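Q: Can we go through this model feature by feature? Give me the general idea where there is one, then the case at hand.

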Amino acid sequence: MAIQQPARGFGELLREWREHRRLSQMELALDAEISTRHLSFVETSRSQPSREMVLRLAEQLDVPLRERNHLLLAAGYAPVYGETPLDSPSMAAVRETVRTLLAAHEPFPALVVDRAWNLVEANRSLQPLLVGIDPALFVPPVNVLRLALHPGGLASRIVNLGEWRGHLLGRLKRQAALTADPQIAALYEELRAYPCDQPEPLDHGAGEVMLILRLRHEAGELTFFTTIATFGTPADVTVSELAIESFYPADPRTAEILRAADVR
């Protein structure tokens with residue numbers, strides 16, 4: 001099957017990425033160690049970049065792997081980054097690593113998401129926190145940000161909804177800016193339209209070390225902070241877009257409740 005090239009040329013896409021990163025031609029040329037004149041010729045399609053030049057410019061612009069493939073196609077080259085399904089045999093090591101990390105984090109919740117924050121996998125400790133959520137939100141693909149902020153999701157149980165909502169929307173907005181992905185931008189607009197009767201403060205309060213999620217639970221209020229881990233040297237689009245979010249108890253009582261609920 002022939003590979004279909006993008007409708008727009010490489011020069012136009014490159015200029016958009018440069019402007020998206022708020023770099024001048026001179027700044028990008030210096031970073032990429034080429035002349036400003038040559039970069040200008042590339043952007044106006046007066047000069048055809050080599051495959052190596054496409055990859056060098058994409059690296060300097062911090063273009064995600066998926067979009068680097070698009071740039072290569074626009075310049076007339078084959079993509080260099082594969083997009084391997086997670087359930088394929090060659091991804092066995094990745095799956096095993098993910099599952100090991102998730103299991104090791106029990107009895108505390110942890111989950112894996114793709115680039116659009118759709119749930120890929122979760123450990124057993126997440127399930128008790130999702131009781132009472134509208135079943136419609138579990139129709140695949142299950143989006144974890146929608147689960148968190150939808151009125152039928154966790155939103156009604158988040159004590160500091162305004163604060164947590166501001167944090168999630170800010171993170172998603174930064175991702176949309178970094179990737180220029182219309183799917184991420186659309187998700188941001190959807191979530192931003194959800195109702196919230198609490199303000200979204202710009203700061204997290206004096207004396208706080210990090211933002212804490214405060215969640216109502218039948219056993220009492222649970223408090224969490226989170227970390228996000230990604231694969232450090234991905235060479236595959238699928239792997240580059242996986243993220244592992246781990247929830248840690250922010251107080252001893254939360255840890256006690258989660259350990260008591262552990263059924264391992």
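A: Start with one residue. Thr223 sits in strand E4, which spans residues 222-229. Keep in mind that this is a predicted model.

Q: Is Thr223 buried or exposed?
A: Look at relative accessibility; buried means under 20%. Thr223 has 5% relative accessibility, so Thr223 counts as buried.

Q: Which residues does Thr223 touch, leaving out those up to four places away in sequence?
A: Two stretches of sequence supply the list. Ile212, Leu213 and Arg214 are among the residues touched by Thr223. The list also includes Tyr248, Pro249, Ala250, Asp251 and Thr254.

Q: How many residues apart in sequence are Thr223 and Ala250, and what is their C-alpha to C-alpha distance?
A: They are 27 residues apart in sequence. In space, the C-alpha atoms of Thr223 and Ala250 are 5.3 Å apart.

Q: Where is Leu72, and is Leu72 buried or exposed?
A: Leu72 belongs to helix H5. Its relative accessibility is 0%, so Leu72 counts as buried. Not counting residues up to four places away in sequence, Leu72 touches Arg51, Val54 and Leu55, and also Tyr77, Ala78, Pro79 and Val80.

Q: How far apart are Leu72 and Pro89 in sequence and in space?
A: Leu72 and Pro89 are separated by 17 residues in sequence. Their C-alpha atoms are 27 Å apart.

Q: Which residues make the contact between H1 and H3?
A: H1 gives Phe10, Gly11, Glu12, Leu14, Arg15 and Arg18. H3 gives Leu39, Val42 and Glu43. The contact residues divide into 4 nonpolar, 1 polar and 4 charged.

Q: What shows where empty space is left?
A: Roll a probe the size of a water molecule over the atoms. In this model, the largest pocket holds about 690 Å³ of space.

Q: What lines the largest pocket?
A: Its lining has 27 residues; Gln175, Leu178, Thr179, Ser240 and Glu241 lie nearest the centre. Helix H5 (65-74) and helix H8 (161-179) are the elements that give two or more residues to the lining. H8 supplies the largest share, 5 residues. By type, the lining divides into 12 nonpolar, 5 polar and 10 charged residues.

Methods: Residues numbered from 1 in each chain as written. Predicted model: local features only at pLDDT ≥ 70, side-chain atom pairs only at ≥ 80, totals over all residues. Heavy atoms only, no water. Contact = heavy atoms within 4.5 Å. Helix = DSSP H or I, 4+ residues; strand = E, 2+ residues; numbered from the N terminus. Nonpolar A, V, L, I, M, F, W, Y, C, P; charged D, E, K, R; others polar. 1 Å grid on protein atoms, 1.4 Å probe; cavity = no way out; pocket = protein on both sides within 12 Å on 5 of 7 lines; lining within 4 Å. Points joined across faces, edges and corners; volume = space filled by probe spheres on them. Buried < 20%, exposed > 50% of the residue type's maximum accessible area, 1.4 Å probe, protein only.
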